[in-house]
Amino acid sequence: MSGWLRPAGREAPRREDHPIAITVDGETVAGVAGQTVAGILLAAGRRSWRTTRSGAPRGVFCGIGACFDCLLTVNGVADVRACRRRAADGDEIRTQSREEGA
């Protein structure tokens, strides 16, 4: 039952040891490996990154990928759920509006 224990003297790698940078609408935003796109955006102070047809702001609502409020475009692929997608170093993110088909 002790198979899950780490051998003595071996540390797990820490996320803060692996900084990453993504570009959001042309602005570089820093994060760490393992964070979701939504996590990086929220940590950077962005609470919304999509708008509805009426112009209402949308960002993270459910946080588990069920509601589709946090959609954005990642590396040219539209309608990516920010709360479910782990960010990768160099990702190009574009916010979406209802008019773009979001």
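**Strand pairing and salt bridges**

Me: Which residue in strand 6 is the bridge partner of Leu72?
Reply: The model is predicted, with local features requiring pLDDT of at least 70 and side-chain atom pairs pLDDT 80 or more, while totals for chains, interfaces and linings use all residues. Residues are numbered from 1 along each chain as its sequence is written, and side-chain values use heavy atoms, without hydrogens and water. Strands are DSSP runs of E with at least two residues, numbered from the N terminus, and helices are runs of H or I with at least four. In strand 6, Leu72 has as its bridge partner Val80.

Me: In which sense do strand 5 and strand 6 pair?
Reply: Two strands pair if DSSP finds at least two bridges between them. Strand 5 (residues 71-74) and strand 6 (residues 77-81) have 3 bridges, and Leu71 has Arg81 as its partner in strand 6. The hairpin has 2 residues between these strands, and Asn75 takes a positive phi near 50° there. The sense of the pairing is antiparallel.

Me: What is the strand order of the open sheet of 5 strands?
Reply: The pairing in this sheet is mixed. Strand 2 (27-32) and strand 6 are the edge strands, each pairing on one side only. The order is 2-1-7-5-6.

Me: Why is one side of strand 4 and of strand 8 left without a neighbour in the sheet?
Reply: These strands belong to an open sheet of 3 strands with mixed pairing, in the order 4-3-8. Strand 4 (57-58) and strand 8 (96-97) stand at the edges, so one side of each lacks a neighbour because each has a single partner strand.

Me: Which residue forms a salt bridge with Asp69?
Reply: A salt bridge here is a side-chain nitrogen of Lys or Arg within 4 Å of a carboxyl oxygen of Asp or Glu. The closest N and O atoms of the pair with Asp69 are 3.6 Å apart. Asp69 lies in the loop between strand 4 and strand 5, 19 residues from its partner in strand 3. That partner is Arg50.

Me: Is Asp91 buried or exposed?
Reply: Buried means under 20% relative accessible area, exposed over 50%, and partly exposed in between (1.4 Å probe, protein chains only). Asp91 forms a salt bridge with Arg85, with 2.7 Å between the closest N and O atoms. Arg85 is partly exposed at 25% relative accessibility. At 3% relative accessibility, Asp91 counts as buried.
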